[in-house]
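Here are a few notes to read with the structure open beside you. Take the points one at a time and find each spot as you go.

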Amino acid sequence: MRILRWWRYPGNWPIFRFDDRLLLILMAVIVGIFSGLSSVVLNRSLLIMSEWLHRYQHFWWFFALPAAGAALSSLFLEKVVREGAGHGVPEVIYSVSRYGGLLRLRSSVTRLVSSCLTIGSGGSAGPEAPVVISGAAIGSNIAKYFSLNDRQRVALVGCGAGGAIASIFNAPIAGMVFAVEVIVGEWKSVNIVPIAIASVAGAEICRLLQGNQIPFGHHVFKIDFLNIVASLGLAVLSAAATILQTRMLRSMHTISHKVPAPMWVRAAIGGCMVGIIGLYLPVVLGEGYHWTEILIEGRYGQILTIVALASFAKIAATALTLGWGGSGGIFAPCLVIGSLVGVTYHHLLVLFWPSISWVNEGYYALLGMAGLISGMLQAPLTGIFLIVEITGGWQVIVPLIIVSVVTTTICHYFEPASYYLKDLVDHGHLLRPGTDERILSDLNVTELLEQDCVTVHPSMLLRDFVDIIKHSHRNYFPVEDEKTGDFLGIVHLDDIRPYLFDPVMYDTVFLGQIMRTQVEVVHPDDDVLDVVRKMDVKGLYSIPVVVNHKYLGLISKATILDQYRKELMVQCHLL
Amino acid sequence: MDHQLLHIFRNNPLGRETLLQSIYFCKKVGAFPVIYIPKTTKFLMYFDNDVVQVDLDKSYLDDGDTAQPHAAEILTQAGLEPRFLEPKHYTASTLPDIHTGFNYMCCPRSISDMSSKIGIGYIGPRVRRIVKSARFPVLIASPVFKPWNSIAVFFGGSVNAVKALRLGFHIARVSGLPLEIFTQIGKSSKEEYQRVVKDRNLEKDVDQYVTQWHYFENNNFENHLYEVPHDALVILGAYGHGVIKHMVVGSKWETIQETLGNNLLVVGPNFVAWR
């Protein structure tokens, strides 16, 4: 028994007492391996499923397959595992922001199965978000099992996310950058080191089981100054496509919720529409890695109109799949849309300036991919490193940076929060470490309560009150009903100042006559952020805490500041 | 009355019985019931080191329009001001977060299964998870409203049992009801149990509140449970021994919940004792 107990608390092992960063490194390896395995499992499952379904592609009823897959996926999430549906990544960020990275164990499996059903049957979505939540849930639950603290748990959630992305794309740097930039939101070595190790572990597991191949073939492009300048135009086009994709996803979500039908029926409707589009433009089906490779290699061979139409169709198909209840992520669709947008842009350049020797369309496909990923996530570093790693294209780094940064900037102007963060920002749930909201959200009313104020009664004479003031160091005196103990109001030292120097009034004035009855109060369950806002708006320095008409204590700005500083120091590792 | 009890209201006769039990408990211990009327069949509870998804039985959503008036009526009749919990945060649009800063929570024996499953001997998986993770004790209410007039604490000497005993003293103090301790003698002698109490500075409380300390000397624990008053609130610790020991030697709390129809106040391993 003792051995088991010892095993459950590695924080107590002598080696980790010496330096707890070693503990995180060990855990990061474990989390990286498991998240890598989960992404390999999903990858293989998708491969098997798409090969199996491929034989039915020429049948007229093929359009019904994405509908069936999406419906099954929705039924699985709603009825079998009772998972509150969502895209996965926002749930991870929400949990990191508000609950120290606590995630349900079931999330490590459920999204893998549901997204496999959606994507494998032809739905337009990516497997990355499901593996991210799976890896993050694995990290969170390993931290829970070993009783690690919140900070260590958040780092392991980042490790899970980083390991998953590193494994699915065979791209450890992109995995690390994604986890830090998007999930954890804090560039500190305490996070970066374990996440980097987990990303490497995840990528190595993928290489061990699937071979060390970059997802898309490496191509050499001869880039001149003109092509670099032309990339600015692509950035604008990519930003437009990103904004269209974001808004279409959101509007589809709203429209689908107005349809008076069960969730699985709505998912089937969306899947059916995707299937119909796919009959004419197969590029919209599935996660689309195969099509992305064709586009990078410049083998798509379609005229401008068809490529532009395919771009719109893929945007619509992704919105129909995810907005109507299918399960999956937006990474892979962004890669396909980005490459289609890039090829469209190349066709436009050739059309308008045919005499200039433009680089191969694959170059613009790469840039388009980086633009879409950066714009959608509003995470330019993730976009740059992901495209560089999955294509081996270090030589295009300069135009990649230009497209990523310009696209992100334009998108930020029209959509201040990324697709992942929009709902979190709207509901005030994005609480990055070290920010005002995060610090205040980590405080609660009960811990700020000051209970050293002397309570008084309305029938008390001023003379008795003056005696109380002599022995009190506070300026506020809550007034309670003598019989019921209910809170009635408050007396501030300023309220009695006019009477204080007039002893005649001592036996004629009762506190009930001078107390303030219109007092702003707060409840112990209120958020400290709301309490502070209330104090700011009303210009208050202290506010009573009342529950069920009973006075509990007082909250003052001085105590809030004191606790605020302590919390800030904890979050910034100064304590 | 600054202690709060979380109650998930089921809008049917069974739910009424459970709410009456919560109200009775609150009045006895000086706590205040906070009622959550669910609008979805699932919600999350984020504890210190665990997140529990509670999947409610569909009957919790029955006749949603009358749920709040029904609960308010029962509370008002009991002389309490109705207070309802509105979730502030959502993990997903259909997945509200219910905060866990309460002092007690009241559950029937199961909240995720049909009411036909509720009976002695069965405690649902969600209720078990809540007991395991919560910092507060969980009141597992009897299927019908059953007032209690004394307190019975099961004490086996473990850390969890000490927490249960402390809770028992707290409830005895605020309710003014007599308290009895029940101990199944195992490998340790009577003196060793008393020494545990002495080491934890609880001797004074024992003298003040305990009317009788029963020791069950032979191993027929189940039969001894007949000595527990039928109208006692039974306070006990659960999940204090770890998984392996639980599987090898079984658990007293399982035997108690399989045998007694009393209201149970269960203290899990994460409960933080207060005096």
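This is a predicted model: local features need pLDDT of at least 70, side-chain atom pairs count only at pLDDT 80 or more; totals for chains, interfaces and linings use all residues.

1. Start with Ser147(A). Its phi sits near 55°, which is positive even though the residue is not a glycine. You'll find Ser147(A) in chain A, in the loop that links helix H7 (128–145) to helix H8 (150–169).

2. Now hop over to chain B and look at Asn201(B). Here too a non-glycine residue has a positive phi, about 55°. Asn201(B) belongs to the loop between helix H5 (190–199) and helix H6 (203–209) of chain B. With 8 other C-beta atoms within 10 Å, Asn201(B) is exposed, since the cut-off for that is 12 or fewer.

3. Next, the sheet in chain B. It is open, has nine strands with mixed pairing, and runs in the order E2-E1-E7-E8-E13-E12-E9-E10-E11. Which strands stand at the edges? Those are E2 (31–36) and E11 (210–216) of chain B; each has a single partner strand, so one side of each has no neighbour in the sheet. On average, neighbouring strands of this sheet are turned by 25° against each other, ignoring direction.

4. Finally, zoom in on one pair in that sheet. Strands E9 (residues 150–154) and E12 (residues 232–237) of chain B pair in the parallel sense, over four bridges.

Definitions and conventions: Residues are numbered from 1 along each chain as its sequence is written. Chains are lettered from A and ligands numbered from 1 in the order in which they are written. Helices (H or I, at least four residues) and strands (E, at least two) are DSSP runs, numbered from the N terminus. A residue is buried if 20 or more other C-beta atoms lie within 10 Å of its own, exposed if 12 or fewer, and partly exposed in between; C-beta atoms are placed from the backbone. Two strands pair if DSSP finds at least two bridges between them. Axes are lines fitted to C-alpha atoms, for helices over the stretch in contact, and angles run from 0 to 180 degrees between N-to-C directions.
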